Number of protein chains: 2
Amino acid sequence: MDDGIAIDFGETGLVPAVAQDAETGEVLMLAYVSPEALERTRETGRAHYYSRSREELWEKGKTSGHVQAVQEVRVDCDADTLLYVVDQEGGACHTGHKSCFYRTVEGENVGEMVFDPDAVYES
Amino acid sequence: MDDGIAIDFGETGLVPAVAQDAETGEVLMLAYVSPEALERTRETGRAHYYSRSREELWEKGKTSGHVQAVQEVRVDCDADTLLYVVDQEGGACHTGHKSCFYRTVEGENVGEMVFDPDAVYES
C-alpha cells in the first residue's frame, strides 16, 4: 500500500480529510488523518481517522456501528488534504444528524436527523 | 454580522473550510479561514480565505476570475469547520481542474479539466 501519491502530512503529521456521501454527494464531516489512519483505511476499506483530543487512531463507527465504507480516497492538488468518498451507515454526526454540517452559520438547523443519539451512545 | 454561531478558531486562529459546488455537490477544495475572511465572505457573498503561505486574506478568484458566489455557509457540530456551498465560476483548482480533488490516492486522474491554467495565470 506504499504506492501512489506521497501525502504531505506536514509538521503536525496529520491532514484534514473530508468525508462525502458517495450516493448523495452530501459532505458528512471533516476529521484528521495520520499516516497510520490512511494505511488502515486503504487496507480495510473502512474510514479511519486520528483523534486529536484522544490522541489515538480511530475507526469511524467502531462504537456506534455507523461505519463508513470507503469507495475512493482522493487527494487534492497540494497533496495535503484527503477526500473520502463513502457509503455512510446510519449518520456521520454524534448528534444524530446524517451530516455534521447540519447548521448554517446563522444558526438555522437545516440537517436531517437519522438516529437517536441517546439510544446509540449509551452511557 | 456578529450574530449566529460562535466559531471556534482555536490556537491557530484559522478553521478549515470545505467548498462544495451548490449545483453538482462536487467537493471543490479545502482552504483555511480567519475571522476576517469569514466576515468578508458573509458581507460580500464571495468566498474569502486566509493564505497560510502568503499570510494574508485572500479572495478566491480575485486574480483568475474564478470567483465563488457563496449560497450558504454551514458550520459543523464542533463549530471548528466550515462548509461553503458555492457557485463556482470556471474551476476551483489552479491546475485547471474543476475540483482540486482530481486524483485518487493511487494516482489516477479522475477530474475534469475546465480551463487552461497557462492562459489564466499569465506570468
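In which sense do E5(A) and E6(A) pair, and over how many bridges? Select both strands: E5(A) and E6(A) pair in the antiparallel sense over 7 bridges, where strands pair if DSSP finds at least two bridges between them. Strands (E, at least two residues) and helices (H or I, at least four) are DSSP runs numbered from the N terminus.

This is a predicted model, in which local features need pLDDT of at least 70, side-chain atom pairs count only at pLDDT 80 or more, and totals for chains, interfaces and linings use all residues. Residues are numbered from 1 along each chain as its sequence is written, chains are lettered from A and ligands numbered from 1 in the order in which they are written, and side-chain values use heavy atoms, without hydrogens and water.

Next, select A:Gln68, which stands opposite A:Gln88 in E6(A). Then display the open sheet of 5 strands, ordered E2(A)-E1(A)-E6(A)-E5(A)-E7(B), with mixed pairing. Its edge strands, E2 (27-33) of chain A and E7 (103-104) of chain B, each pair on one side only.

Proceed to A:Cys77, in the loop between E5 (68-75) and E6 (82-88) of chain A. A:Cys77 is buried, with a relative accessible area of 18%; buried means under 20%, exposed over 50%, and partly exposed in between (1.4 Å probe, protein chains only). Among the residues that A:Cys77 touches are B:Cys93, B:His94 and B:Cys100, contact meaning heavy atoms within 4.5 Å.

Finally, select A:Cys93, in the loop between E6 and E7 (103-104) of chain A. A:Cys93 is buried, with a relative accessible area of 0%, and its contacts include A:Cys100, A:Phe115 and B:Cys77.

Conventions: Lists of a residue's contacts leave out its neighbours within four places in sequence.
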